Structure formats: C-alpha cells, structure tokens
Amino acid sequence: MKDKEMLLDGQQKKTGVSRRTFLKTVTGTAAGIGISQMFNPALISALEKALETHPVLWIQGQGCSGCSVSLLNNVDPSIADVLLKVISLQYHPTVMASEGETALENLYHIAEKYKGKFSLAIEGAIPMAANGKYCNFGELDHKEITMVDIAKDLGAKAGSVLAVGTCAAYGGIPAAEGNQTGATGVMDFFHIYHIKTPVVNIPGCPSHPDWIVGSIVHLLTKGLPELDDDGRPVVFFGENIHDNCPRVKEYDAGEMSEKLSDAKGCRMDLGCKGPDTYADCYKRKWNSGMNWCVDNAVCIGCVEPGFPDLSSPFYEPA
Ligand code: SF4
Ligand code: SF4
C-alpha cells in the first residue's frame with residue numbers, strides 16, 4: 001500500500017492530488033500518472049479543451065489484443081468511464097458496437113475532420129508481406145483495406161501515433177524468428193513510407209494500462225513526452241528493473257532462488273532479464289497493484305526491442 005500511495009503522487013493519496021502535482025506528473029518529473037488518478041478534477045480540467053479537438057482512434061494489426069485486454073482489465077475506476085469520459089476514444093474494434101463499412105466510414109470521417117490533431121493508437125505489428133494481405137482491416141465499396149493501407153493513410157493524417165505494445169513498437173512476437181508475414185513495428189514502417197508523424201512507443205507484452213493512458217494524457221495536455229533512444233517515454237521506461245528490484249540486495253549477497261516457488265532470492269539463475277530491461281514494473285506493479293512478474297516468475301524483458309528472440313529461452317540465464 002505504501003508503494004501504491006507513493007506512486008500516486010509522492011505524498012498525497014488517491015483523492016487528493018493537487019493541480020501542481022498533476023502538472024508535475026504529466027511533465028515527466030514524477031513517477032508518471034496512473035489510471036487511478038484519472039478522475040482528479042485537475043486532470044479533467046486540463047483535458048477539457050483537448051477532448052474537443054483531439055480524439056483518439058485505436059486500430060489493431062497483427063497481435064493478440066492483449067494490450068486492449070490489459071487496458072480493459074483496469075477495475076478502479078471503470079475503464080469504460082476512462083475511455084469515454086476522460087479520453088475521447090472514438091474508434092476501438094474490441095469495444096465499439098459499430099462494425100463493417102459503417103464503422104470504417106466513420107473512422108475515415110473522424111480522421112479527416114481532425115486531420116493533424118487526432119492521436120492514432122496502433123496495437124499489433126503491421127504485416128507487410130504479400131502486399132499486406134495477411135491482415136485485412138475491412139472493406140469499403142467492395143475494396144479490401146489492409147492494415148498496411150490503414151496505417152499509411154491514418155498514420156500520415158494523425159497528429160501523433162502511439163505504438164501500443166511491443167508488437168506495434170518493435171515487431172514483438174509476430175516479428176520473432178520465423179516471421180512469415182513481414183511483421184514490422186510502426187517506426188520502421190513509417191521510415192519505409194517516409195511518414196513523418198511523431199511516434200511514441202509504449203511497449204510491453206502486454207503494455208501496462210497506466211503507461212497507455214498516461215502517455216495519451218501527456219500527449220493531449222503537454223505534447224510529446226521525453227523519449228529514450230528506443231522511442232519510449234522516459235517517465236515510464238527510464239529505470240532499470242534490476243537496479244531497483246526488491247531482490248537486488250539478495251543478488252548482491254549471492255542469495256539466489258533455486259526454483260520459482262522460492263519466496264526469497266534473486267531470480268537471475270532462473271532466467272531473469274531484469275538487468276537488461278528498463279521499465280517501472282517493480283514499483284507500479286500489475287493487476288491493479290497486486291503483484292509483478294518477479295514475485296512469481298522472472299522478468300522476460302518484454303518491453304525491450306528484440307523481444308522475444310533476445311530474451312529467449314525465458315527460463316535460462318542470459
Ligand atoms: S530477480 Fe531479476 S531484477 Fe531482481 S535482482 Fe534478481 S536479476 Fe535483478
Ligand atoms: S517485469 Fe519485465 S517481463 Fe514483466 S512486464 Fe515488466 S518488463 Fe515485462
């Protein structure tokens with residue numbers, strides 16, 4: 001609980017975040033905003049103007065929808081409220097009722113109306129082989145629209161793009177050894193098609209809901225967050241997991257876990273990739289702050305470029 005309170009703003013509890021603290025948080029000097037802060041009045045006020053002019057459109061390519069599930073798993077506050085009242089999410093294939101040509105027409109309509117302003121969230125890699133036919137996005141006037149088509153069209157029109165999850169950021173599992181579909185991450189895809197729209201990578205397999213919503217909020221209120229060399233917001237991905245791990249003292253003392261069920265000990269001999277991984281999971285935790293990978297298994301470096309090939313086998317030392 002203590003950690004969770006610290007995460008909220010360093011000093012104040014869930015319901016008491018001041019405007020000054022909020023602004024400090026979204027400008028990237030604190031631990032990074034989380035979904036639990038979404039209904040703070042200061043945040044609502046700061047977002048009011050942005051909501052009118054900056055809708056978020058979410059499209060999905062070659063992935064498992066795990067990042068959407070991760071986002072939707074948030075329980076307090078209800079993610080439905082976050083998506084509809086805090087973020088103006090106007091297209092998301094997993095949660096919207098509309099479908100088929102009607103949905104696709106509306107997607108293009110919004111993209112045109114808010115050209116240069118809307119944020120495009122891309123989940124999943126973009127399969128470029130076979131002229132994009134591995135991922136058919138939909139159909140308009142009996143013409144097939146592939147993920148390649150839609151990523152090119154909307155990517156060029158967006159004001160900013162969020163590559164949500166490691167598949168969208170770096171190719172991830174679809175781009176692992178044996179990649180048959182030409183699965184490609186968004187930045188590499190934009191480079192190939194000379195699309196200049198700024199991209200924020202929010203990797204993770206899946207990505208954490210706080211990382212997703214926090215990055216969107218930053219874009220809407222303050223513009224692009226500070227990014228590291230791999231295009232990730234420093235506020236969420238600026239710290240090394242091993243250096244900050246609660247078990248690093250045991251590592252220093254040479255006390256190693258021998259099996260995953262060991263309650264104590266460093267997991268390095270069991271394959272932990274924490275030393276090569278940068279993310280704030282060790283303090284943000286998962287499942288609404290319940291636990292994180294190292295509590296029950298190992299860090300498999302899911303936020304790093306080159307995942308999963310570079311961190312495989314997961315349960316063998318690097
Ligand atoms: S469990 Fe992993 S992250 Fe933690 S100290 Fe050991 S190697 Fe580092
Ligand atoms: S602890 Fe490691 S494997 Fe787990 S979510 Fe964080 S970066 Fe990914």
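**View 1. Helix α7 and its buried residues.** In this predicted model, helix α7 covers residues 147-157, and its buried residues are Met147, Val148, Ile150, Ala151, Leu154 and Gly155. They take up an arc of only 165° around the axis, which puts them on the same side of α7. The arc is taken from the directions that run from the helix axis to the C-beta atoms. A residue is called buried when 20 or more other C-beta atoms lie within 10 Å of its own, exposed when there are 12 or fewer, and partly exposed in between, with C-beta atoms placed from the backbone. Helices (H or I, at least four residues) and strands (E, at least two) are DSSP runs numbered from the N terminus.

Some ground rules for every view: residues are numbered from 1 along each chain as its sequence is written, while chains are lettered from A and ligands numbered from 1 in the order in which they are written. Since the model is predicted, local features need pLDDT of at least 70 and side-chain atom pairs count only at pLDDT 80 or more, whereas totals for chains, interfaces and linings use all residues.

View 2. Strand β5 (residues 136-140) and strand β6 (residues 143-146) run antiparallel and are joined by four bridges. Two strands pair if DSSP finds at least two bridges between them. Gly138 has Ile145 as its bridge partner in β6. Two residues sit between the strands of this hairpin, and Asp141 in the turn has a positive phi of about 50°. His142 is in the loop between β5 and β6 too, and its phi is near 65°, again positive in a residue other than glycine. Is His142 buried or exposed? With 6 C-beta neighbours inside 10 Å, His142 counts as exposed.

View 3. Tyr134 belongs to the loop between β4 (126-127) and β5. Tyr134 counts as buried because 20 C-beta neighbours lie inside 10 Å. Leaving aside neighbours within four places in sequence, Tyr134 is in contact with Gln62, Pro127, Ala129 and Thr181. Contact means that the C-beta atoms of two residues, placed from the backbone, lie within 7 Å. Gln62 is 72 residues from Tyr134 along the chain, and their C-alpha atoms are separated by 8.4 Å.

**View 4. The five-stranded sheet.** This open sheet has the strand order β2-β1-β3-β7-β9, with parallel pairing. β2 (89-91) and β9 (199-202) stand at the edges with a single partner strand each, so one side of each has no neighbour in the sheet. On average, neighbouring strands are turned by 25° against each other, direction ignored. For such angles, axes are lines fitted to C-alpha atoms (for helices, over the stretch in contact), and the values run from 0 to 180 degrees between N-to-C directions. Within the sheet, five bridges join β1 (residues 56-60) to β3 (residues 119-123), and the two run parallel. Trp58 stands opposite Ala121 in β3.

View 5. Ser65 is found in the loop between β1 and α4 (66-72). Its phi is near 65°, a positive value in a residue other than glycine. Ser65 is partly exposed, because 15 other C-beta atoms lie within 10 Å.

**View 6. The shell around ligand 1.** Which residues come nearest to ligand 1? Of the 14 residues around it, His242, Cys245, Cys266, Cys272 and Gly274 do. The elements that give two or more residues to this shell are α12 (241-244) and α13 (248-252). Being near a molecule or strand means having a C-beta atom, placed from the backbone, within 6 Å of it. By class, the shell has 10 nonpolar, two polar and two charged residues. Here Ala, Val, Leu, Ile, Met, Phe, Trp, Tyr, Cys and Pro count as nonpolar, Asp, Glu, Lys and Arg as charged, and the others, Gly among them, as polar.

**View 7. The shell around ligand 2.** Among the residues that surround ligand 2 are Cys281, Cys293, Cys299 and Cys302. Gly204, Ile241 and Trp292 are also part of this shell. The residues here divide into nine nonpolar, three polar and no charged.

View 8. The peptide bond from Phe307 to Pro308 is cis, with omega near 5°. Another cis bond joins Ser312 and Pro313, with omega about -10°. Pro308 lies in the segment after α15 (293-296), and Pro313 has its place in the segment after α15 as well.
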